[in-house]
Amino acid sequence: MEGEEDEEGEGISGPYNATEVNDQIFDELKLPQELVQDVQKAWQALLSGAESREAAGEAIYGALFDAAPSLQGLFKTPRAVMSMRFVNG
């Protein structure tokens with residue numbers, strides 16, 4: 001079934017396999033429950049370790065553009081607004 005662990009248990013298979021971008025679909029992403037819990041724990045750790053939600057958003061925004069500076073020109077919204085969108089959804 002698409003979106004489940006591959007036969008070797010090494011990751012996600014199907015259209016969302018994390019090895020290539022598929023811009024032809026917009027299906028629901030299904031992840032193993034253990035991975036979901038790990039991501040939720042990491043998110044809570046980020047939020048609890050930051051001075052504020054704004055600081056957590058700024059950390060995400062900063063890390064994104066440190067890793068890929070060329071993406072910065074794609075964002076027209078002010079940095080402070082984008083930082084809050086990262087943490088508030």
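## One face of helix H3 and its surroundings

The buried residues of helix H3 are Met82, Ser83 and Val87, where buried means under 20% relative accessible area, exposed means over 50%, and partly exposed covers what lies in between (1.4 Å probe, protein chains only). Seen down the axis of H3, these buried residues fall within an arc of 135°, so they line one face of the helix; the arc is that of the directions from the helix axis to the C-beta atoms. An α-helix has 3.6 residues a turn, so residues three or four places apart point the same way. The buried residues of H3 pack against H1 and H2, a contact being heavy atoms within 4.5 Å.

This is a predicted model, in which local features need pLDDT of at least 70 and side-chain atom pairs count only at pLDDT 80 or more, whereas totals for chains, interfaces and linings use all residues. Residues are numbered from 1 along each chain as its sequence is written, and side-chain values use heavy atoms, with hydrogens and water left out.

Helices (H or I, at least four residues) and strands (E, at least two) are DSSP runs, numbered from the N terminus. Of the 89 residues of the protein, 15% count as buried. Among contacts with a separation of 6 or more, 31% are accounted for by residues 24 or more positions apart.

Ser83, found in helix H3, is buried because its relative accessible area is 3%. Leaving aside residues up to four places away in sequence, Ser83 touches Glu54, Gly57, Glu58 and Tyr61.

Two of these neighbours, Glu58 and Tyr61, lead on to other features of the model. Which residue forms a salt bridge with Glu58? It is Arg79, and the closest N and O atoms of the two are 2.8 Å apart. This pair links distant parts of the chain, with Arg79 in helix H3 and Glu58 in helix H2, 21 residues apart. A salt bridge is here a side-chain nitrogen of Lys or Arg within 4 Å of a carboxyl oxygen of Asp or Glu, and a search of the whole structure finds one. Side chains of opposite charge can pair when their charged atoms come close. Arg79 counts as partly exposed because its relative accessibility is 33%, and Glu58 counts as partly exposed at 34%.

Tyr61 opens the way to the aromatic side chains. The structure holds four aromatic pairs, for which rings of Phe, Tyr and Trp (its six-membered ring) must have their centres within 6.5 Å, with planes under 30 degrees apart counted as stacked, over 60 as edge-to-face and the rest as tilted. Tyr61 is buried, with a relative accessible area of 3%, whereas Phe86 is partly exposed, with a relative accessible area of 28%.

Phe65 and Phe75 also form an edge-to-face pair, at 5.2 Å centre to centre and with 80° between the planes. Here too distant parts of the chain are linked, with Phe65 in helix H2 and Phe75 in the loop between H2 and H3, 10 residues apart. Phe65 counts as buried at 5% relative accessibility, while Phe75, at 28%, counts as partly exposed. Tyr61, Phe65, Phe75 and Phe86 form one aromatic cluster.

The accessible surface of the protein comes to about 6,900 Å², of which 54% belongs to carbon and sulfur atoms; accessible areas come from the Shrake-Rupley method with a 1.4 Å probe, and for residues only the protein chains shown count as cover. Leu29, Leu31, Leu35 and Val39 make a nonpolar surface patch of about 320 Å². Patches are made of residues with over 30% relative accessible area and no salt bridge, like charges being joined within 9 Å and nonpolar side chains (Val, Leu, Ile, Met, Phe, Trp, Tyr) within 5 Å. Leu35 lies in helix H1 (residues 33-49) and counts as partly exposed at 34% relative accessibility. Just after H3, Gly89 takes a positive phi of about 90°.
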